[in-house]
Amino acid sequence: MIHANTTTFHPDTFFLVGIPGLEAFHGWISLPFCSVYLMALLGNATILLVIWSDHMLREPMFYFLAILSAIDLALSTSSVPRMLGIFWFDAHEISFGSCVTQMFLIHTFTGMESAVLLAMAFDRYVAICVPLHYTTILTPRVLAGIGVVIIMRPVLLMLPIVYLTHRLPFCDAQIIGHSYCEHMGIAKLACASIRINAIYGLFVASFLILDVALVGISYAHILRAVFCLPSRDACHKALSTCSSHVGVMCVFYTPSLFSFLTHRFGKNIPRYVHILVANLYVVIPPALNPIIYGVRTKQIRDYVVRAFTTK
C-alpha cells in the first residue's frame, strides 16, 4: 500500500544491522553469545526437568522457578537465534510481520520475567518475614492468581504497542540499527510523529520501574528481618541466598532499564554500547538464573547429583 509515493504502511522487509560499528567483529562476538545461549538452554531445561520429575518440589518457590525457567527459554530463543543468523550468515533481512512478532515476544517475555522476579521476591519476603503464615498466604489459589498476572499483565501492556506500530507509515529508510526488533527501533523509522509510541513506551517501562521499587522494598524488609535472627548461621545462610537473588535481579533490571531509557534520553551514548547492553539482558540472565536459583538450591542440586551418580 503506497502513501505519498515514498511512504509504505507495511514495508516488505527491514534490515537488521547487528551491532552498529562492530560489524567486522560479528564473528568473534557471536562466540560468547552462542556459548551463553547454549548454557541457558541446558540450564533452564534441566531446572524444568528436575521440578517436573521430583514430586517433592511443589513449594511456591519451585513453582515460580519453573515459570522463570520457561520464560528464560522463551526470551533467549526469541532473540538469540536471529542474532546469530546475522553474525554468522549475514541474514539481515526480516519481514515486517516477523519483526513485529519478535518485538512483541521479546518485550512480553521481558515483562513476564520482571513480574516473576517480583513474585519470587514476595515469596522470600513471606518465607523470612512471616514464616508462620507462609502456607496460609501463598495458597494454591493465590499462586494461580499470581501466575495469571505474570502472564497477562505484559501481554495486555504489549497489545497496544503492536497496534501503535502497525498504524505508523514507514519511509524508504528501513534499516534498524539493532540485532533484533524492538519497539522504538521500529518506530524511529516512521515518517509520522511517534510521540504516542514514545509516551506509551515510557508508560510500559514505568511498570518495570515499579517492579524494581517493589523488589527493593521486599529485600529491605528481608534484610531487616535477617539481621534480627538470633542464629549467626541462619543469618549467614539467609544473607547468602538474598545476595545471590539480588545479584541476578541487578543483572536483569540494569541492562533492560538502560536499553529502554537510552532510546529516549541517551543521545550521547555510543550506539554499539547501547546495542551490546540491550543484547545482554536477553541472554545473560537466562544463563545465570539456573546457576543462581538452581545450583544454589539444595533440593535441585541434590537431585542433579543423584541423577549423575546413580547407576
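D123 is buried, with a relative accessible area of 2%, where buried denotes under 20% relative accessible area, exposed over 50% and partly exposed the range in between (1.4 Å probe, protein chains only). The model is predicted, so that local features need pLDDT of at least 70 and side-chain atom pairs count only at pLDDT 80 or more, whereas totals for chains, interfaces and linings use all residues. Residues are numbered from 1 along each chain as its sequence is written, and side-chain values use heavy atoms, with hydrogens and water left out.

The side chain of D123 meets that of R124 in a salt bridge (2.7 Å, N to O), a term applied when a side-chain nitrogen of Lys or Arg lies within 4 Å of a carboxyl oxygen of Asp or Glu. R124 is likewise buried, at a relative accessible area of 16%. The structure holds two salt bridges, and R153 and D211 also meet through their side chains in such a bridge (2.6 Å, N to O). Because R153 belongs to helix 6 (residues 140-166) and D211 to helix 8 (residues 195-226), this pair ties together parts that are 58 residues apart in sequence; helices here are DSSP runs (H or I, at least four residues), numbered from the N terminus. R153 is partly exposed, with a relative accessible area of 23%, while D211 is buried, with a value of 0%.

Elsewhere, the axes of helix 1 (residues 26-53) and helix 3 (residues 80-89) come within 9 Å and cross at roughly 155°, the axes being lines fitted to C-alpha atoms over the stretch in contact, with angles running from 0 to 180 degrees between N-to-C directions.

Note on methods: Helix = DSSP H or I, 4+ residues; strand = E, 2+ residues; numbered from the N terminus.
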